[in-house]
Amino acid sequence: MNEIVLNLLSILVALLFGYLVGSIPTSVILGKIFFKKDLRNYGSGNPGGTNAGRVFGKKIGFLVIFLDIIKTALVFWIIWAITRFTGLGEMAGLFLKGEHLPWLAIFFATVGHCFPIWLKFKGGKGVACFMAIVGGTSWLGFILCFVSFLSVLYLKKKIVSFSSLVSGAILLVFEIIMGIIALTTSFQGEILSWTFGLAPNMVRFGTFSLITTSLAYFILVIRHIPNIKRMRAGTEKPANWSTRESEEI
């Protein structure tokens, strides 16, 4: 009974920690600190990186995206470090030594970013968080994130929403392939994670990475439905931070 309670408690803590950290509205905070403005009252009203770049300039736009990636990735690695280096996974008899908890936490960080409690559940579109899930857990995923996103962005004339969706699909395929390999062979991709297979109970591809990435991409697509409609109508605007006018991210 104690093990069941501890497992349920660990899941609840990981979930809440991820959601609350993911809910931190970096763009709104930076806007109020440096410009005394609430980003939600300007541009598209979306508290994401592209709107921050449109309203506050290129540097703030990049900073917001960077911080959103970092906050999401940190959620994963903090929970991972707690379960691995404190011995909690073994001592408490956690399911699979807590291997599922970092993935649960980073997924709910994405949920928190898109539906933050601090902003009445009206947040960003999850692009930075999706990149953190793929690139923040794997160095190969990190490379693919930037190569795919920037390549599509260049080819599609700076349509950020299109690049987000297409590069996200490419990254999802990567995760699916790696997940299938991990589930059907002895290779679980430990060397491809940021632990490079050197840490005890290292990060692996498999069931949890597959489920997390798939659900996160689903949220990303749902959040981009207005952009998809504008793309179909041919009215989606390209990102142009030099004139502070772009679509949401």
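Guide: We can start with a rule: a charge counts as sitting over a ring if NZ of Lys or CZ of Arg is within 6 Å of the ring centre and within 35 degrees of the ring normal. The model is predicted, so local features need pLDDT of at least 70 and side-chain atom pairs count only at pLDDT 80 or more, while totals for chains, interfaces and linings use all residues. Residues are numbered from 1 along each chain as its sequence is written, and side-chain values use heavy atoms, with hydrogens and water left out.

Visitor: Which residue lies over the face of tyrosine 42, then?

Guide: That is lysine 37, at 5.2 Å from the ring centre.

Visitor: What counts as a helix?

Guide: A DSSP run of H or I with at least four residues; strands are runs of E with at least two, and both are numbered from the N terminus.

Visitor: OK, which residues of helix α2 are buried?

Guide: Helix α2 covers residues 26-34, and in it Thr26, Ser27, Val28, Leu30 and Gly31 are buried. Buried means under 20% relative accessible area, exposed means over 50%, and partly exposed is in between (1.4 Å probe, protein chains only).

Visitor: And what covers the buried residues of α2?

Guide: The cover includes α3 (49-56) and α4.

Visitor: Where do tryptophan 77 and tryptophan 80 lie?

Guide: Both lie in helix α4 (residues 58-85), three residues apart, about one turn of the helix. An α-helix has 3.6 residues a turn, so residues three or four places apart point the same way.

Visitor: Is tryptophan 77 buried or exposed?

Guide: Tryptophan 77 is buried, and tryptophan 80 is buried as well. Another edge-to-face pair is tryptophan 194 with phenylalanine 196, at 6.4 Å centre to centre and 90 degrees between the planes. Tryptophan 194 is partly exposed at a relative accessible area of 37%, and phenylalanine 196 is partly exposed with 37% too.

Visitor: Which residues form one aromatic cluster?

Guide: Phe76, Trp77, Trp80, Phe85 and Trp103.

Visitor: What does threonine 137 touch?

Guide: Leaving out residues up to four places away in sequence, threonine 137 touches Phe76, Trp77, Trp103, Ala132, Ser193 and Trp194. Contact means heavy atoms within 4.5 Å. Threonine 137 sits in the loop between α7 (127-135) and α8 (139-155). Its relative accessibility is 4%, so threonine 137 counts as buried.

Visitor: Back to phenylalanine 196. Where does it lie?

Guide: In the loop between α9 (160-184) and α10 (207-223). Phenylalanine 196 has a positive phi of about 55 degrees, although it is not a glycine. Phenylalanine 121 also has a positive phi without being a glycine, at about 65 degrees. It lies in the loop between α6 (101-114) and α7, and phenylalanine 121 is partly exposed, with a relative accessible area of 49%.

Visitor: New topic. In which helix is isoleucine 82 found?

Guide: Isoleucine 82 is in helix α4. At 38% relative accessibility it is partly exposed. Apart from neighbours within four places in sequence, isoleucine 82 is in contact with Gly87 and Leu88.

Visitor: What distance separates the C-alpha atoms of isoleucine 82 and histidine 224?

Guide: 34 Å, and the two are 142 residues apart along the chain.

Visitor: Last one: is serine 148 buried or exposed?

Guide: Serine 148 has 9% relative accessibility, so it counts as buried. It is located in helix α8. Beyond the neighbours within four places in sequence, serine 148 is in contact with Ser167, Ile170 and Leu171.

Definitions and conventions: Phe/Tyr/Trp six-rings, centres within 6.5 Å; stacked < 30°, edge-to-face > 60°.
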